[in-house]
Amino acid sequence: MDLPLLLGILPQVLLDGLILGFMYALIALGYTMVYGVLEFINFAHSEIFIVGAFVGVELLLGLKSAGLLDALPWPLVLVLVLVAGMAASGVLAVTVERVAYRPLRHAPRLIPLISAIGISFFLQDAIRLFESLWRNAFNLVYPTMDVLNVRFELTQTVDVSVKSLVVIVAALAMLGVLHLLVNRTKVGTAIRAVAEDQAAASLMGINVNRIISLTFLIGGAMGGAAGVLFGVQYGLINPYTGFIPGLKAFTAAVLGGIGNIPGAMLGGLVLGLLEALAASYLSLLTGGAFGAEYKDIFAFSVLIVILIFRPKGLLGEVIRGRA
Amino acid sequence: MLRIDDLHVYYGEIHALKGVGLEVCRGEIVALLGNNGAGKTTTLKTISGLLSPRRGHITLEERSLAGVAAHDVVLRGVAHVPEGRRIFNRLTVRENLTMGAYLRTDDGIEPDLERVFTLFPRLKERIGQVAGTLSGGEQQMLAIGRALMASPRLLLLDEPSMGLAPVLVEQIFATIREINQQGTTILLVEQNAAMALEIAHRGYVLETGVIALTGSAAELGENADVRRAYLGE
Ligand SMILES: Nc1ncnc2c1ncn2[C@@H]1O[C@H](COP(=O)(O)OP(=O)(O)OP(=O)(O)O)[C@@H](O)[C@H]1O
Ligand SMILES: [Mg+2]
């Protein structure tokens, strides 16, 4: 085995893992924040994520056909697309909660879960129907912007593209803003108060339903941002693309400790890194017996082991029963 | 100030309050006594909007509280310290107190914070601590302090002495009296009837969902039934 080679590619692998990890972290926040306030898994979140990606691609294609894609400064274009994706996914998440979950708030736990799965299928096929009518295709490719593909050589073996930097910077900025919002503002404190005890929170004058909507708005917006970044980074999307990243982000949320916001960030990063390491090293280390396609098996095996030893997740605490 | 008439509250099929009526006048401490399951907590929860009555009226300062959601009752000047304290364990002491003043934007918040710290100097020492790590007594202080941050005209207290050592109980009751003397009207639910009657002006005895007795604190303290049932004689 060629040790220098293995070590030589490590920085690149870590970088790729980080990018993937940030993406998972952004999506995982939506699962974990909603679980935090409602103890409910929003299975439609993967579609809320992919709707962000579709709104992004539509806006970019629209700008392109209007000849504005290259005329406008590229950072402005990216900000526009991100904001549009976040707004659309955020509003969609709030709407879904309002029509499909809130009426079932006091029903047995399984019922809203089934409703969420129904919404998930509904959104997949709604996107497919819309795009089929509108563009005659539902596999869409993000239009390329040349600057985004410029690569910087950091060392001989490590290089990084502008779009990767965009993903990292945007994800870090959003995670930072979310952290401040949740931990340093009054409304963020109210979100944490509602997560802990809804009745006590309402005695403080906190409108619990409004805080729940806000949670869906923030979680949805983060998912939408992740959708746009996913499109920018990987290019090809279709209505069913959300499923696998959604599932992995959900796993990341569980890994970090479901309901725990820093946990979702950490879980996302850990999962992304594991996956990237497995994709690059499995085949090298096993002499080709296990190829890169086993990366998920590897990553999930590690997760299972972690969860066996830390069932509440990396940062999770004892899950309390609701009074 | 607060007037309750013919209040009926159900949990599903369970008829928990069967026509409760009581009145609290401005400036009073009124004790609501009764055994386990009598309906004391249910009464307070119905006042603060956590439960809705099937029948009856609650009037606060001449205005009906019918259909007012819990988060709006606070705006009407009522703060509720719930049974079991229900502080936010994962929030710091300061954050808990901030939540108490959630709807306020006036500039009385800082002075009220100072007032809470004067009543409970312990809380000031623990200001940055996560509330779940406080001792039971400190948690009760925080629960009361948090409610005071709403600057309520009526304070509902549900068993503030529960689970506290006798010295602390004395202390908490002295503070409750002090809060009352500073101008807050208080409806006090207690199992510790002796202590409650010591600081209260008047009292009601609740038995399985109906008011069985009422009178001044002195009268109730003298009453043979009360002495037998609640004062352990
Ligand atoms: N969530 C609930 N569901 C069903 N029944 C309830 C519920 N809460 C209270 N009850 C019933 O309503 C009645 C009154 O209960 P409540 O909690 O008001 O009593 P309490 O006087 O506060 O008693 P304690 O001194 O033990 O706190 C009891 O019979 C109780 O079993
Ligand atoms: Mg009670």
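A salt bridge, for today, is a side-chain nitrogen of Lys or Arg within 4 Å of a carboxyl oxygen of Asp or Glu. Keep that in mind, everyone, as we look at this predicted model.

Here is the pair to find first: the side chains of A:Asp197 and B:Arg86 form a salt bridge, with N to O at 2.5 Å. Between chain A and chain B the count is two salt bridges. There are also six residue pairs in polar contact across that interface, with both residues at pLDDT 80 or more.

So which parts of chain A face chain B? Two elements give two or more residues to that side: helix H6 (186-196) and helix H7 (198-203) of chain A. H6(A) gives the most, with seven residues. Sorting the residues on that side of chain A, we get ten nonpolar, five polar and six charged.

Now let's zoom out to the whole interface. On the chain A side, 21 residues are in contact with 22 residues of chain B. The area buried between the two chains is about 2,000 Å², and carbon and sulfur atoms give 60% of it. A:Glu196, A:Leu203 and A:Met204 supply 35% of what chain A buries against chain B, more than any other three residues.

Last stop, helix H1 of chain A, residues 3-38. With 36 residues at 1.5 Å a residue, H1(A) should span 52 Å, and the end C-alpha atoms are 49 Å apart, which agrees. Do look for the kink, though: about 35 degrees at A:Leu10, shortly before the proline A:Pro11. Then, just after H1(A), A:Glu39 takes a positive phi of about 50 degrees.

How values were computed. Residues are numbered from 1 along each chain as its sequence is written. Chains are lettered from A and ligands numbered from 1 in the order in which they are written. This is a predicted model: local features need pLDDT of at least 70, side-chain atom pairs count only at pLDDT 80 or more; totals for chains, interfaces and linings use all residues. Side-chain values use heavy atoms; hydrogens and water are left out. Contact means heavy atoms within 4.5 Å. Buried area is the accessible area (1.4 Å probe) that two parts lose on being put together, summed over both. A polar contact is a pair of N or O atoms within 3.5 Å; within protein, one must be able to donate a hydrogen and the other to accept it, and residues adjacent in sequence count only if both atoms are side-chain atoms. Helices (H or I, at least four residues) and strands (E, at least two) are DSSP runs, numbered from the N terminus. Ala, Val, Leu, Ile, Met, Phe, Trp, Tyr, Cys and Pro count as nonpolar, Asp, Glu, Lys and Arg as charged, and the others, Gly among them, as polar. The expected span of a helix is 1.5 Å times one less than its number of residues. The bend at a residue is the angle between axes fitted to the seven residues ending there and the seven starting there.
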